[in-house]
Amino acid sequence: MIDAAAIARDTAALVQAPSLTGHERPALERLGELAAALGLDAELHEHDLAALRAHPDHPGEEAPRDELLGLSVSLPGTRSGRIALNGHVDVVGVGNEPWTHEPFSGTLADGHVHGRGSVDMKGGVVAALHALAELREGERPEVVLQAVASEEDGGLGTFAALERDAAFDAVLIPEPTGFEVVCAQAGALTFHVTVRGRAAHAAMRLAGRSALDRYVGLHLAIQAHEREINGAVEHPAMQALALPYPINVGLIQGGEWSSSVPDRVVFEGRLGVPLGADLGAARVAFESVLDDGESPPPEVEWTGGQFAPGATPPDDPWVTNVAAAVQAERGAPARLTGVPYGADMRLYCARGIPAVMVGTPGLELAHAVDERVRVDDLASVARIIVRAVRSA
């Protein structure tokens, strides 16, 4: 029987092990201890970071690291089949604003576990761990929980886990989805662009060429490109989204002096990649949009994580099975949907492994001050996993 209080206790313990991306060892070691306390077999392993970085499909990184660890918790099957559960333990920073509870306190209050990573997604990982313990009773396929690092900056942890072991019939990832069954995800690429101009004294502005003015034209072209790639969305799980494939400029730097025409602007942002699009083709198309005919042309660099899009057909038996498990738990039909952000599920999709994400509400609290997750929702996720695996 799923014990909500025990899930709350173990989620708090995992939150209390800080694990900013690039430094996940404390959380993975803590998770191994929690698995052992439940009588489950856990294996902490170190991946060959140099070999992964040399791999032609390396998914990119942003955070510095000198090691990459993963933890596998395995439950042998009593019948055929092999199911993966996947969850990341790395977390983003705590920000600059004060928290009601200390960010890594794991405080239990008002039916919630509070702290960085509680909803994204240490609570989901713990729910999966307790589902494994519950699955020891009765018939089941083999189940492996792949607890990974480096999801926040590109997915290298799951990429490495699948290089090590990819013999799965399906995967469930308990990311926070509000109990919607996510079967499609957009891709995302990070760009860094330098725009050149010609400096001049502000009083002689016409003698110069403002890089900022040039950027304004490029920004309008980027907006037009966003409208174009969102103009004919085909996948039914993505059609309901207001903006399935957003393009965002999140940083702009330029100019040196109020009385000088700026000769350089740098901007960085995120390019949404539609389902079915090749990452290379998406880069080429975006660079073409930035070709304004001026010299020198904008200098485009592609940095950080490289999130390809990914999808599982809505009528896939695994999607249907998980949706039925959600309906049994929630008492209402599960909504099938897509998400406009990159996630690790695309790494399973790329290998032909049916993949879905389903988890608690609270995505809006991920990466935010006062992140928290409802304990009752975590218990629901654990029961959904149990039902889905037993029916697989």
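Two strands are said to pair if DSSP finds at least two bridges between them, and strands (E, at least two residues) and helices (H or I, at least four) are DSSP runs numbered from the N terminus. The model is predicted, so local features need pLDDT of at least 70 and side-chain atom pairs count only at pLDDT 80 or more, while totals for chains, interfaces and linings use all residues. Residues are numbered from 1 along each chain as its sequence is written, and side-chain values use heavy atoms, leaving out hydrogens and water.

**View 1. An open sheet of 4 strands, in the order β10-β11-β9-β12, has antiparallel pairing.** Because β10 (247-254) and β12 (299-307) stand at the edges, each with a single partner strand, one side of each is left without a neighbour in the sheet. Strand β9 (residues 187-196) pairs with strand β11 (residues 264-273) in the antiparallel sense over 10 bridges, and V195 stands opposite V265 in β11.

View 2. Among the buried residues of α11 are V375, L378, I385 and A388.

**View 3. Leaving aside its neighbours within four places in sequence, V322 is in contact (heavy atoms within 4.5 Å) with L172, V181, V356, V358 and A388.** A388 is one of the buried residues of α11.

How values were computed: Buried means under 20% relative accessible area, exposed over 50%, partly exposed in between (1.4 Å probe, protein chains only).
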